[in-house]
Amino acid sequence: MKPTRFIDLVPHIVLIVGVLIFAYPIYVTLIGSTWDSGTIGRGGLPLWPGGQGLDNYAQAWAGEAGARAKYTPVRTMMLNSLIMALAIALGKIAISILSAYAVAFFRFPLRMAFFWLIFITLMLPVEVRIIPTYKVVADLGLINTYAGLAIPLIASATATLLFRQFFLTIPDELLEAAKIDGAGPVRFFIDVVLPLSRTNIAALFVILFIYGWNQYLWPLLVTSSGDMETIVTGITKMIGTGESANDWNLIMATTVLAMLPPVAVVVFMQRWFVKGLVDSEK
Amino acid sequence: MTFDSRLLPYLLLAPQVAVTLVFFIWPAAQAVWQSVHLQDAFGIRSEFVWFENFEHVLTDPNYLDTLKVTVVFSVAVTVLSMGTALLLAVLADSKIKGARAYKTLLIWPYALAPAVAAVLWMFIFNPDIGSFGRALRALGYDWDYRLNGGQALWMVIMAASWKQVAYNFIFFLAGLQAIPRSVMEAASIDGAGPVRRFLTITFPLLSPTTFFLLVVDMVYAFFETFGTIHALTQGGPGKATETLIFRVYHDGVVNNDLGGSSAQSVILMVIVIALTAVQFRFIERKVHYA
């Protein structure tokens, strides 16, 4: 046995410091969500859990008035975020896989024109067309609706490119065999292409769910009523100007709940998540 | 091999094309149109004014300050998050015990929204309730990022970088794992130490990843950090943490200045197009030689 040299420990020390830098704020938030707002507001938050945890979470979840203000219930905000994230993820996947199928398996006039039209969306993130997009959504009467939250975000060049790339690797023989068996394009899509795309769809879903859940600027613009509040924008509204006299216990409990779904997705679907991320950015 | 159908491909494309036209192309065209027009207060009449809006924007000393803040912010976030991620990735990729656990513990911050990351940093560094914020004050340092512009900028840079390390880490790790072990072993046998191996083999072979991340991080710092800034400082104090994107939002939504906001949007579009073009030139090359 070789004795452990100090130099061998250095990587561990650096990595542990790294892990701690990322874990510490989460730990503080978790602890904070188990104390009362007074303790946190005075800056006297201990490093161990307090006894208020259940009350705080119950209160935040049901939206009962805190010591200082009344907030939208977390269950409403979570549901809104969930609907928005699912609609964005599934919507993007559905319309992208269809258009990629059209571009990859058909020859038709203006094919490349359509391809470029979709491609251009890469260069137009919502941030650069805030006001006019808001106006379109308002004219369509979609302010404060789930459709208004999700539909403007579901066009996706990256997902389309990814599926097209994958479709090009499907061997011609498969298509030939399907044709000989008398399968049309719809049959082929349902019986061959969809099952083959399963892993790609799963990987993409993980990434897009997180993308949807974490939307900020767009929900801030198109929702004005508390019923439609999403949880990420809801937290900053609860904080307001960040004075010390805030219902910090409820804010911290809400933050923990807001982090839970996307973090769980990353941790439990790690393999798919890394695949989806690396593939979709290639 | 393809299918023959006249109507079907158009039907398949219809949903994507409809969304693209209605929510992307049309609004973008509107932004361009508005950027060369001046509207009266009621939005009834508008007059074609050539590049007057751009002239206003680009000669406004406030805008140039915002541009400076944006550059400082973006460069700092890119360098900090990439540097930290590269260090952690190289260590986690080496054959050490618990490498898997370290990986899991380092990638999850990817899941956090930029605004949530900002809120977490506030819990720590708020001068009234945060442990570090209070400690700094107890040490006699006048810490209050809500009043001090430099400190505010530091806060948003740190919170934005903190969140982006995980993303860079995942890609650096994937890049490192693609480097053939045999090359490293050969260098080892030739007597190259770890530092030399890193500088002469690892780093050059990672350059496609590095370049890719450079572009992605710039885009992130430009656009996605809106949430970080909105949640933490609202662009203030003064305009100390106002980036270009925050300003578009503020001028358009809060101040209702359509022409100016549109001109700014068009400038941002040009920046994104340039960044995307750079990215795709590079990807084409990678596909070519890979």
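**Figure 1. In helix H11 of chain A, the buried residues are A:Asn200, A:Ala203, A:Leu204, A:Phe205, A:Val206, A:Ile207, A:Leu208, A:Phe209, A:Ile210, A:Gly212 and A:Trp213.** The model is a predicted one; local features need pLDDT of at least 70, side-chain atom pairs count only at pLDDT 80 or more, and totals for chains, interfaces and linings use all residues. Residues are numbered from 1 along each chain as its sequence is written, while chains are lettered from A and ligands numbered from 1 in the order in which they are written. A residue is buried if 20 or more other C-beta atoms lie within 10 Å of its own, exposed if 12 or fewer, and partly exposed in between, with C-beta atoms placed from the backbone. Helices (H or I, at least four residues) and strands (E, at least two) are DSSP runs, numbered from the N terminus. Helix H11 of chain A covers residues 198-213, 16 residues in total. From its first C-alpha to its last, H11(A) reaches 22 Å, close to the 22 Å expected at 1.5 Å a residue. That expected span is 1.5 Å times one less than the number of residues in the helix.

**Figure 2. Chain A and chain B meet in a contact of 76 residues from chain A and 74 residues from chain B.** Two residues are in contact if their C-beta atoms, placed from the backbone, lie within 7 Å. Helix H1 (residues 6-32) of chain A gives the most to the chain A side, with twelve residues. That side of chain A divides into 54 nonpolar, 17 polar and five charged residues. Here Ala, Val, Leu, Ile, Met, Phe, Trp, Tyr, Cys and Pro count as nonpolar, Asp, Glu, Lys and Arg as charged, and the others, Gly among them, as polar. For the complex, the predictor gives an ipTM of 0.87 and a pTM of 0.89.

**Figure 3. A:Leu110 and B:Gln234 each have a positive phi.** A:Leu110 has phi near 70°, in a residue other than glycine. A:Leu110 sits in the loop between H4 and helix H5 (111-120) of chain A. Because A:Leu110 has 11 C-beta neighbours inside 10 Å, A:Leu110 counts as exposed. B:Gln234, also not a glycine, has phi near 55°. The loop that holds B:Gln234 lies between helix H11 (226-232) and helix H12 (244-254) of chain B. B:Gln234 has 17 C-beta neighbours inside 10 Å, so B:Gln234 counts as partly exposed.

**Figure 4. A:Asp172 lies in helix H9 (residues 172-180) of chain A.** Why is A:Asp172 exposed? Because A:Asp172 has 9 other C-beta atoms within 10 Å. A:Val192 is 20 residues away along the chain, and 12 Å separates the C-alpha atoms of A:Asp172 and A:Val192.

**Figure 5. Chain A is built from 15 helices and zero strands.** Its radius of gyration is 24 Å, well over the 19 Å that the globule rule gives for 282 residues, so chain A is more spread out than a compact globule. The radius is taken over C-alpha atoms, and the globule rule is 2.2 Å times the number of residues to the power 0.38. Along the principal axes, the C-alpha atoms of chain A fill a box of roughly 75 × 70 × 35 Å. Of the 282 residues in chain A, 46% are buried. Among chain A contacts between residues at least 6 apart in sequence, 74% join residues at least 24 apart. The mean pLDDT of chain A is 86, and 95% of the residues score at least 70. pLDDT is the predictor's confidence in each residue, from 0 to 100. Among the elements of chain A, helix H4 (residues 74-105) has the highest mean pLDDT (93) and helix H15 (residues 270-280) the lowest (76).

**Figure 6. Chain B has 13 helices and two strands.** The C-alpha trace of chain B spans about 75 × 75 × 30 Å along its principal axes. Buried residues make up 41% of its 290 residues. Chain B averages a pLDDT of 85, with 95% of its residues at 70 or more. Over residues 286-290 of chain B, pLDDT stays under 50, and the model has one contact beyond four places in sequence for them. Where pLDDT is low, the predicted coordinates should not be read in detail.
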